[in-house]
There are 4 protein chains.
Amino acid sequence: MATEIKKIAVLTSGGDSPGMNAGIRSVVRTCAYLKIECVGVYRGYQGMIEGDFKPLDARSVNNIINKGGTILKSARCEDFRTKEGRKKAYDQLKKEGIDAFVVIGGNGSFAGALAFNEEYNFPVMGMPGTIDNDILGSTYTIGFDTAINTVVEVIDKIRDTASSHNRLFFVEVMGRDVGHIALNAGVGAGAEEILIPEQNLGLERLLESLKRSKKSGKSSSIVIVAEGDKIGKNVFELKEYVEEHLPIYDVRVSVLGHMQRGGNPTCFDRVLASRMGVKAVESLLEGKSNYMVGIRDNNLILTPISEAIKAHTEIDEELVRVSDIMTT
Amino acid sequence: MATEIKKIAVLTSGGDSPGMNAGIRSVVRTCAYLKIECVGVYRGYQGMIEGDFKPLDARSVNNIINKGGTILKSARCEDFRTKEGRKKAYDQLKKEGIDAFVVIGGNGSFAGALAFNEEYNFPVMGMPGTIDNDILGSTYTIGFDTAINTVVEVIDKIRDTASSHNRLFFVEVMGRDVGHIALNAGVGAGAEEILIPEQNLGLERLLESLKRSKKSGKSSSIVIVAEGDKIGKNVFELKEYVEEHLPIYDVRVSVLGHMQRGGNPTCFDRVLASRMGVKAVESLLEGKSNYMVGIRDNNLILTPISEAIKAHTEIDEELVRVSDIMTT
Amino acid sequence: MATEIKKIAVLTSGGDSPGMNAGIRSVVRTCAYLKIECVGVYRGYQGMIEGDFKPLDARSVNNIINKGGTILKSARCEDFRTKEGRKKAYDQLKKEGIDAFVVIGGNGSFAGALAFNEEYNFPVMGMPGTIDNDILGSTYTIGFDTAINTVVEVIDKIRDTASSHNRLFFVEVMGRDVGHIALNAGVGAGAEEILIPEQNLGLERLLESLKRSKKSGKSSSIVIVAEGDKIGKNVFELKEYVEEHLPIYDVRVSVLGHMQRGGNPTCFDRVLASRMGVKAVESLLEGKSNYMVGIRDNNLILTPISEAIKAHTEIDEELVRVSDIMTT
Amino acid sequence: MATEIKKIAVLTSGGDSPGMNAGIRSVVRTCAYLKIECVGVYRGYQGMIEGDFKPLDARSVNNIINKGGTILKSARCEDFRTKEGRKKAYDQLKKEGIDAFVVIGGNGSFAGALAFNEEYNFPVMGMPGTIDNDILGSTYTIGFDTAINTVVEVIDKIRDTASSHNRLFFVEVMGRDVGHIALNAGVGAGAEEILIPEQNLGLERLLESLKRSKKSGKSSSIVIVAEGDKIGKNVFELKEYVEEHLPIYDVRVSVLGHMQRGGNPTCFDRVLASRMGVKAVESLLEGKSNYMVGIRDNNLILTPISEAIKAHTEIDEELVRVSDIMTT
């Protein structure tokens with residue numbers, strides 16, 4: 001980048017996740033620390049197109065590190081997928097004198113940034129913010145740790161009440177394409193079975209597993225079902241199927257929904273977002289662009305956005321095995 | 001009661017509720033304090049019929065005051081509704097030398113105790129343990145306070161993420177016949193609309209309310225729906241109805257389910273259960289029988305079980321009005 | 001009151017308590033509902049004297065019902081204790097066209113309101129906001145329920161780790177003059193001993209109690225000490241005393257401090273504050289003045305402020321007894 | 001190891017940490033899965049010396065994954081530091097037919113295992129269980145994540161109430177020799193200053209930092225002080241010092257103490273402990289001994305115990321820098 005960066009914008013994009021505010025705060029305060037101007041973009045790329053900007057100084061982000069959601073709001077934006085939309089966004093950024101931006105979001109948000117950069121050679125940096133933990137180039141995404149704790153706390157409560165014999169609980173958790181929440185929260189909560197999008201364990205195995213669990217002396221069982229479960233039945237259909245084939249079971253259902261996106265972020269997510277924000281701003285100032293900040297073995301690393309969005313994360317086979325062993 | 005009471009049994013019956021363990025602990029420790037023997041009955045009346053007893057001393061109930069569920073397990077018991085079942089239970093109690101029992105549960109459990117007392121003139125005392133708060137003779141039941149906090153905490157998380165415009169959340173909470181959880185948690189969580197079993201507000205009003213909420217500048221809304229909502233549609237049917245009639249809204253659903261019965265009891269529920277346990281045992285020792293311990297204006301009172309189970313609690317009109325005003 | 005009330009101010013005063021925001025929200029939204037103007041006064045009486053006002057409409061109080069602290073800030077104000085200070089405050093209120101105010105706070109705040117009303121015949125209404133629960137005329141104050149839950153959750157954690165033998169924990173909780181937090185949280189957490197300002201149990205009894213607890217088979221004990229404990233030793237002095245006289249004990253200390261004033265309010269505190277706000281505004285509009293809104297047996301009542309501040313709350317003897325029995 | 005391993009013992013040793021139960025459960029269930037006998041040793045090495053053993057099968061560890069503390073109790077044991085003590089332990093293990101053990105604990109516990117292995121060539125495996133995160137060979141220890149979340153949640157509450165101007169809070173957290181809790185929780189909670197054992201920032205810098213924080217417009221500040229803070233003053237001495245040198249500040253103190261060791265473990269700690277337990281048992285069966293299971297970049301690794309206990313963890317300079325930037 002030839003141009004010196006004097007003004008950086010920050011935005012949150014796509015589905016929100018806990019810790020995004022900590023990420024915003026970090027970008028803003030790092031700018032303040034380094035005497036760079038910082039501008040908040042409201043409602044993601046939509047606000048960028050509309051010029052919905054607001055200058056942010058160090059005090060603008062007081063008392064947000066512990067809040068879920070995002071003070072900048074977030075949105076999915078169809079317009080930014082078009083050349084025209086990105087043109088408008090570029091004009092707005094130029095008008096505001098913005099030299100670079102940091103986008104906190106998931107793969108879709110990064111793809112937008114990449115397209116924008118390719119067209120305008122505009123410095124961009126990504127921070128992975130999603131509860132799904134499905135971003136290549138980072139062992140953890142901002143929000144994942146909070147989400148799995150939310151699920152685990154809920155299942156702890158359900159287990160408390162599982163005192164009656166022959167009771168079976170199905171708990172639907174988020175995850176249309178990936179099962180990281182289901183798998184981690186399932187192991188953390190001691191679920192008897194975990195149904196994920198990456199593997200079709202099949203209905204037979206579910207019934208077998210429930211029978212075995214019953215025979216082993218457990219008086220109740222909890223099954224976690226990711227939204228995108230490969231079996232292809234939703235949680236209520238699974239309930240009917242099991243009640244038909246294992247009539248001894250009285251099945252109860254919880255559908256967790258959006259509580260998984262909210263809540264005060266955990267310490268892990270706050271620290272992660274704080275570290276990533278520093279790295280994102282400093283990398284821009286070092287002339288880097290088109291990278292996503294990630295974490296590997298507790299070290300911050302940069303991955304080209306073009307690579308980060310190329311592939312999918314894979315299911316953690318070791319954790320699947322741990323889950324199997326734990327349900328002995 | 002002519003017979004001196006030297007041995008008291010305690011059981012939990014019906015759906016479990018947070019704070020039952022604190023109630024058990026209180027009955028056990030009050031007995032220990034007063035040098036009365038105490039026996040735990042497992043799995044409610046079913047265990048009574050089967051003689052599933054275990055002596056409990058003060059140390060047996062260490063470290064349970066903060067645990068959800070019930071260490072004695074709970075169950076619904078069809079057999080106890082029959083004369084034969086109650087005969088068996090009586091024989092078991094006599095065989096064990098038990099002189100009286102305290103049952104922690106809801107209306108069904110109390111009706112059983114009443115029938116038993118009428119047949120055998122056996123000293124019984126009830127403690128209201130249910131998350132539904134639907135027991136006449138007590139302003140609060142053990143478990144209600146915990147349940148409404150669970151719901152409120154979940155909705156707080158959902159609200160965090162309600163950053164997108166035009167998003168509407170339906171949250172189904174427990175309450176087949178009564179709306180106390182829905183109403184209290186709804187006011188506590190700042191819900192825009194609360195659908196309860198006691199009132200048919202009608203679908204028209206729901207649509208009106210949502211339109212008004214939108215017009216007033218709110219970018220998202222949360223509607224609480226009790227299971228037994230009078231409108232007669234379940235939460236997914238309501239979602240379809242609203243999406244059809246108010247297409248601007250993107251509706252998301254959470255079904256909380258049994259998490260509402262679990263969790264560590266709140267301080268309120270623990271203190272309430274602790275106080276009620278003392279009162280229950282002392283009342284039995286004073287020769288009283290067939291009463292339920294309740295709380296009114298922070299004082300413990302006794303209500304004849306026959307009265308307690310006769311009528312329904314009524315909807316709190318003041319609170320309905322507060323809810324209406326708060327959604328301005 | 002001859003003058004019709006068209007504009008109401010609301011302020012929080014003294015030490016803050018969780019639920020104050022819910023109270024502010026309720027006053028504001030009740031005004032909006034009844035088409036009355038509402039004005040927020042910042043930093044309590046200090047802001048009133050300085051004219052630190054801001055109009056509040058229904059949307060100004062979005063998303064605050066679940067937040068601890070007070071968006072209006074709070075302060076103790078020496079100036080308002082003087083005739084001159086109150087004169088300035090009156091002039092500011094008149095200048096702003098304010099016809100009445102609702103103050104959320106404790107006894108000191110109410111005394112100020114009373115003096116002000118006597119001098120200017122200005123309509124005032126109080127809402128009890130303090131974690132101490134020491135206000136006559138209300139069974140519960142806004143914030144108390146949250147505070148006792150905070151303490152209980154902390155002690156639950158401490159108890160988890162009390163696995164080693166002969167370990168004793170002293171936990172200092174708030175309460176300079178009253179022991180309601182200590183007593184309720186102590187019963188709720190299953191503390192072995194509770195030292196409060198209202199009773200001098202004496203050091204002898206403490207040692208006796210600890211010896212008995214040890215002998216009864218408990219491997220660890222928790223003692224709650226209110227700040228204003230009558231024995232007159234602070235928690236570190238008590239530690240030294242016990243370690244000297246009962247050397248088998250390894251004593252650990254926690255001083256909870258201001259965490260007890262914060263945190264998201266419980267459902268109970270939110271509902272209580274919401275109900276009280278409606279009552280406060282409606283009572284002012286009915287021409288009432290100089291009352292504090294309170295709750296008795298789940299009904300809202302009005303108590304003349306002059307009475308509310310006259311006397312002290314008393315220790316709950318029944319609860320002291322329950323505590324004694326529970327530590328069997 | 002020539003001998004085939006048919007029976008494995010598991011113990012927890014030293015200060016307990018949240019997640020130890022999940023670790024025990026994992027060792028037990030992995031043994032059950034692999035048809036190996038498993039024996040629990042109570043009270044750490046002390047129980048090993050005394051032969052305080054209990055066979056554990058898969059059902060013995062039901063419903064403990066979510067509990068703080070350790071069902072096996074823990075203790076520090078002087079006797080095991082002597083040759084005689086270890087001889088007794090060996091005899092007990094032999095008598096019980098135990099072929100190997102897994103110890104969950106910190107450096108002291110590992111040193112004991114190492115000495116034992118050297119003397120008796122007895123297969124041992126370590127799992128790092130301590131809230132301090134001060135074990136070489138593992139990026140995370142079991143319990144650390146829970147502890148930092150406990151601290152952060154407490155400070156969130158304190159910050160809520162920090163509404164008054166010129167208020168300063170000192171919060172003492174655990175960490176006699178290492179500042180990992182202080183540093184991570186401090187960044188996560190947005191503390192203005194963090195005093196740790198590894199660095200003597202000096203009292204001057206503290207005063208400067210507080211003055212700067214004040215000037216930057218912050219109305220309140222939170223300072224985290226690790227127990228072993230290098231400045232050498234305890235938290236009450238620091239309070240006095242600051243109040244003397246910066247009289248505008250009203251300083252309040254919280255001493256968190258043992259709450260940091262308890263609480264339900266986070267999902268992270270449960271998953272970590274579950275994975276480590278599998279690895280520990282499988283490594284023993286593969287004939288490995290004298291290793292500690294650790295985690296690096298989300299992969300489980302083995303480090304020779306002799307290396308793990310040799311050196312200290314170092315302060316995370318990057319995180320110190322992030323903290324400095326965040327307090328801008």
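Predicted model: local features only at pLDDT ≥ 70, side-chain atom pairs only at ≥ 80, totals over all residues.
Residues are numbered from 1 along each chain as its sequence is written, chains are lettered from A and ligands numbered from 1 in the order in which they are written, and side-chain values use heavy atoms, with hydrogens and water left out.

Secondary structure elements are DSSP runs numbered from the N terminus, namely helices (H or I, at least four residues) and strands (E, at least two), and two strands are taken as paired if DSSP finds at least two bridges between them. In chain C, strand S10 (residues 291-296) has strand S5 (residues 124-128) as a parallel partner, the two being joined by two bridges, and within this pairing Tyr291(C) of S10(C) is the bridge partner of Met125(C). S10(C) is also joined by six bridges to strand S11 (residues 299-304) of chain C, in this case with antiparallel direction, and here Ile295(C) lies opposite Leu300(C) of S11(C). S10(C) and S11(C) together form a hairpin with two residues between them, and Asp297(C) in the turn adopts a positive phi of about 50°.

The relation between chains was examined by least-squares superposition on the C-alpha atoms of residues with pLDDT of at least 70 in both copies. Chain D is brought onto chain A, with an RMSD of 0.0 Å, by a turn of 180° and a shift of 0.0 Å along the axis. The two copies are therefore related as by a two-fold rotation axis. In chain D, the C-alpha nearest this axis belongs to Asp297(D), at 1.8 Å.

Contact between chains, defined as heavy atoms within 4.5 Å, involves 51 residues from chain D and 51 residues from chain A. Because 100% of the interface residues of chain D are also interface residues in chain A, the copies meet through the same surface. The buried area, that is, the accessible area (1.4 Å probe) that two parts lose on being put together, summed over both, is about 4,400 Å² for chain D and chain A, with 54% of it on carbon and sulfur atoms. On the side of chain D, Cys267(D), Met326(D) and Thr328(D) lose the most area to chain A, together accounting for 14% of what that side buries.

Salt bridges were assigned where a side-chain nitrogen of Lys or Arg lies within 4 Å of a carboxyl oxygen of Asp or Glu, and six of them are found across the interface of chain D and chain A. One of these is formed by the side chains of Glu282(D) and Arg321(A), with an N to O distance of 2.4 Å.

The contact comprises 30 residues of chain B and 30 residues of chain A, and the area buried between them is about 2,400 Å², of which carbon and sulfur atoms give 54%. Across this interface the rule finds zero salt bridges, although eleven residue pairs are in polar contact. Helix H5 (144-160), strand S6 (167-173) and strand S9 (250-255) of chain B each supply at least two residues of the side that touches chain A, and the largest share, five residues, comes from H5(B).

Over all chains, the count comes to 70 salt bridges. Within chain C, the side chains of Asp324(C) and Arg205(C) meet in a salt bridge of 3.0 Å, N to O. This pair links distant parts of the chain, with Asp324(C) in helix H11 (residues 317-326) and Arg205(C) in helix H7 (residues 202-215), 119 residues apart.

Technical notes:
Polar contact = N/O pair within 3.5 Å; in protein donor to acceptor, adjacent residues only side chain to side chain.
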